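Hi,

Here is the structure I promised to pass on. Have a look, and my notes on one helix and the core follow below.

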Amino acid sequence: MKKFLALIMSFLIFAPSHADTSNFVSYQDTKPVLKKLSLGQMPYEFFGLTSNGVDCVYFVFENGIYSLEFEVMVEPQKHVAEKFKEWASINGLHVSQTTYGNQPQYTSTSTAPVYRVILGGNLEETYRFGLSFYHFAFGYEESKLFELVP
């Protein structure tokens, strides 16, 4: 799964967006997507939301538990990663760091870091935490439109 996820995530960074409007959703309309994710009705065990590539956050559902992930692939995401860690601390969430083996698009001798917080199995809490992070890091509201990736 991790190798497949790494392949998909690296493709998303380099591939141009050819999304039609059916691949866009406002944050307030993500609950059904989170539900489909938990029921195994999505193509993968994750989906991402982004409005500009830099703000891409992944919702993951594995073994009955939701997680939120942020991978640092480009220079501007380094600042966002610090916001992610700060937000997690404020909310009493533990941040773990891993990698999917993707090479970042900035000078680095290591692979791109992925920061993850485990949110639990509750869809409503996952929704609120996701919105809380987007608001904290970017000032986004529930009406913000995102591209659903992959």
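Predicted model: local features only at pLDDT ≥ 70, side-chain atom pairs only at ≥ 80, totals over all residues.

What covers the buried residues of α3? The cover includes β4 (65–71), β5 (95–99), β6 (113–120) and α4 (123–138), with helices (H or I, at least four residues) and strands (E, at least two) taken as DSSP runs numbered from the N terminus.

Residues are numbered from 1 along each chain as its sequence is written, and side-chain values use heavy atoms, leaving out hydrogens and water.

Back to α3: Q77, V80, A81, F84, W87 and A88 are buried there (under 20% relative accessible area; exposed is over 50%, partly exposed in between, 1.4 Å probe, protein chains only). They sit on the same side of α3 because they cover an arc of only 125° around the axis, taken from the directions from the helix axis to the C-beta atoms. H79, S89 and I90 are exposed, on the face turned away from that buried side.

W87 is worth a click. Beyond its neighbours within four places in sequence, W87 is in contact (heavy atoms within 4.5 Å) with L68, L93, V117, F129, S132, F133 and F136. W87 is also among the residues with the most contacts inside the largest nonpolar core, along with F47, L49 and L68. That core has 35 residues (buried Ala, Val, Leu, Ile, Met, Phe, Trp, Tyr and Cys joined through side-chain atoms within 4.5 Å), and α4 gives the largest share, 7 residues.

Cheers
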